[in-house]
Amino acid sequence: MNENTKKLFEVGASDIPNQLPIFPLDNVLLLPFGKLPLNIFEERYINMIFDVLQNKRLVGIVQPKNNNGDFFKVGCVGKITSYIETPDHRMVLNLDGVCRFNLLDSQLTTKGYHKANISIDNFIHDIDLIEPMIDRENLIKKYTNFFKIKKYELDLDVLEETSNLQLITTLTMLAPFNKIDNQAILEAKNLSERLKVINSILDLNTFKIVGSTSKH
């Protein structure tokens, strides 16, 4: 693939507009370099996806704070990399996480979805994350214990061929963290801080459950 063709698929800082449609998803985490499958069935969000497909295929994923239309102020830009239309009039698509953003304000469109003014200035480093050095064995062990406690299945074979960055991102997005934990992970300043937050959450959750069990 030549460089000009490659650029058609890449998203740089200059490709992310100051205003994006946003898709609020409760207790769902999208991180840079993460992959998120979505099933779209509400009319307003189908309209949103059709609008997004006509432009740069970029949408902002945010968590709602409540049912009053308030959103957390940090989200993640996702790029639609594939989609299909189903016979029952749904859209099934895949998003690739690109870069986090600060949500400055949002407005409800006439089609029923929100558009937000955003800034990626604090998170430009997300676009070119460097492969981190991590203790893979220890991190996988912590996640394995956490998934076991939460009664979730974790296929360790899938993780064998992943890079360190993919490992951190995939496990974190799959983990059944709560809304507040997800947001804390998303808002961590950089990858190093994200790892610290993740380890703290895993240690705290494991200690709480193991500690309370040992009292009986």
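Let's start inside the protein. The largest cavity is lined by Val 28, Leu 29, Leu 30, Ile 61, Val 62, Gln 63, Val 74, Gly 75, Cys 76, Asn 182, Gln 183 and Leu 186. Keep in mind as you explore that this is a predicted model.

How much space lies in the largest cavity? The answer is about 60 Å³. The count of cavities of 30 Å³ or more comes to one. Strands S3 and S4 and helix H5 (179–187) each supply at least two residues of the cavity's lining. Sorted by class, that lining has eight nonpolar residues, four polar ones and no charged ones.

## The largest pocket

Next comes a space of the open kind. The largest pocket holds about 680 Å³ of space. It is lined by 30 residues, and those closest to its centre are Phe 33, Gly 34, Lys 35, Gly 97 and Met 173. Two or more lining residues come from each of S2, S4, S5 and helix H4 (164–174).

Which element gives the most to the lining of this pocket? It is H4, with seven residues. By class, the pocket lining consists of 16 nonpolar, nine polar and five charged residues.

## Helix H2 and its buried side

Now look at helix H2, which runs through residues 43–53. Tyr 45, Ile 46, Met 48, Ile 49 and Val 52 are buried there. These residues lie on the same side of H2, because they cover an arc of only 155° around the axis.

What do the buried residues of H2 pack against? Their partners are five strands: S1 (19–24), S2 (35–40), S3 (58–62), S4 (74–85) and S5 (91–108).

## Two cysteines without a bond

Cysteines are always worth a check. A disulfide is a covalent bond between the sulfur atoms of two cysteines. How many disulfides does a search of the whole structure find? The search finds zero.

For comparison, a disulfide requires the two sulfur atoms to be within 2.5 Å.

Is Lys 142 buried or exposed? Lys 142 is buried, because its relative accessible area of 18% falls under the 20% cut-off. This lysine lies in helix H3 (residues 136–149). Leaving aside residues up to four places away in sequence, Lys 142 touches Asn 199, Leu 202 and Asp 203.

You can find Thr 86 in the loop between S4 and S5. At 13% relative accessibility, Thr 86 counts as buried. Thr 86 and Leu 174 are 88 residues apart along the chain, and their C-alpha atoms are separated by 25 Å.

Definitions and conventions
Residues numbered from 1 in each chain as written. Predicted model: local features only at pLDDT ≥ 70, side-chain atom pairs only at ≥ 80, totals over all residues. Heavy atoms only, no water. Buried < 20%, exposed > 50% of the residue type's maximum accessible area, 1.4 Å probe, protein only. Helix = DSSP H or I, 4+ residues; strand = E, 2+ residues; numbered from the N terminus. Arc of directions from axis to C-beta. Contact = heavy atoms within 4.5 Å. 1 Å grid on protein atoms, 1.4 Å probe; cavity = no way out; pocket = protein on both sides within 12 Å on 5 of 7 lines; lining within 4 Å. Points joined across faces, edges and corners; volume = space filled by probe spheres on them. Nonpolar A, V, L, I, M, F, W, Y, C, P; charged D, E, K, R; others polar.
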